[in-house]
Amino acid sequence: MQINTNNLVSITEANQNFSRVARLVDKNGAAVILKNNTPRYVLLEYSQFQNNEFADDATIQEVGESIVKRHLEAFKELAK
């Protein structure tokens with residue numbers, strides 16, 4: 001996941017103005033909530049969460065195979 005700096009929200013702001021953060025997620029698909037200026041939490045639309053391979057009961061082996069399969073060309077290039 002790439003982080004857009006426009007999607008960064010402090011934990012204080014998220015706590016005090018959750019509806020603004022929800023609108024940000026509706027607009028951009030995700031928000032990164034910072035705690036002590038460090039990314040700590042990610043708020044996603046539920047549909048995005050469902051589409052993520054970590055959302056099901058996949059084993060670590062299955063997730064690893066999926067990642068390698070999706071990024072095989074990049075791994076081959078890195079191995080050179």
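1. Which residue forms a salt bridge with Arg 20? Glu 13 does, and the closest N and O atoms of the pair are 3.0 Å apart. A salt bridge here is a side-chain nitrogen of Lys or Arg within 4 Å of a carboxyl oxygen of Asp or Glu. A search of the whole structure finds one such bridge.

2. Some ground rules come next. This is a predicted model, in which local features need pLDDT of at least 70 and side-chain atom pairs count only at pLDDT 80 or more, while totals for chains, interfaces and linings use all residues. Residues are numbered from 1 along each chain as its sequence is written, and side-chain values use heavy atoms, with hydrogens and water left out.

3. Glu 13 is partly exposed, with a relative accessible area of 27%. Arg 20 is partly exposed too, at 32%.

4. Now the overall layout. The chain has five helices and three strands. From the N terminus on, the elements run β-α-α-β-β-α-α-α. Helices (H or I, at least four residues) and strands (E, at least two) are DSSP runs, numbered from the N terminus.

5. The three strands form an open sheet in the order β1-β2-β3, with mixed pairing. The edge strands are β1 (8–10) and β3 (38–44), and each pairs on one side only. Neighbouring strands of this sheet are turned by 35 degrees against each other on average, direction ignored. Two strands count as paired if DSSP finds at least two bridges between them. As background, strands of a sheet pair through backbone hydrogen bonds, either parallel or antiparallel.

6. Which sense does each pair take? β1 and β2 (residues 30–35) pair in the parallel sense, over three bridges. Ser 10 stands opposite Leu 34 in β2. β2 and β3 run antiparallel, and six bridges join them. Ala 31 has Leu 43 of β3 as its bridge partner. Val 32 has Val 42 of β3 as its partner.

7. How many of the six residues of β2 are buried? Five are, so the strand is mostly covered. Across the chain, 18% of the 80 residues count as buried.

8. Helix α2 (residues 18–28) lies across β1, β2 and β3. The helix runs at about 135 degrees to β2. Axes are lines fitted to C-alpha atoms, for helices over the stretch in contact, and angles run from 0 to 180 degrees between N-to-C directions. Contact means heavy atoms within 4.5 Å.

9. Look next at the hairpin of β2 and β3, which has two residues between the strands. Asn 36 is found in this loop. Its phi is near 55 degrees, a positive value in a residue other than glycine. Asn 37 lies in the loop between β2 and β3 as well. Asn 37 has a positive phi of about 60 degrees, although it is not a glycine. For context, most residues other than glycine have a negative phi.

10. Asn 37 counts as exposed at 74%.

11. A nonpolar surface patch of about 370 Å² is made by Val 68, Leu 72, Phe 75 and Leu 78. Helix α5 (residues 72–79) gives the largest share, three residues. Val 68 is found in helix α4 (residues 60–70). Val 68 counts as partly exposed because its relative accessibility is 39%. Patches are made of residues with over 30% relative accessible area and no salt bridge: like charges are joined within 9 Å, nonpolar side chains (Val, Leu, Ile, Met, Phe, Trp, Tyr) within 5 Å.

12. Two totals close the note. The chain exposes about 6,600 Å², and carbon and sulfur atoms supply 51% of it. Accessible areas come from the Shrake-Rupley method with a 1.4 Å probe; for residues, only the protein chains shown count as cover. Of the contacts in the chain with a separation of 6 or more, 23% are between residues 24 or more positions apart.

How values were computed:
Buried means under 20% relative accessible area, exposed over 50%, partly exposed in between (1.4 Å probe, protein chains only).
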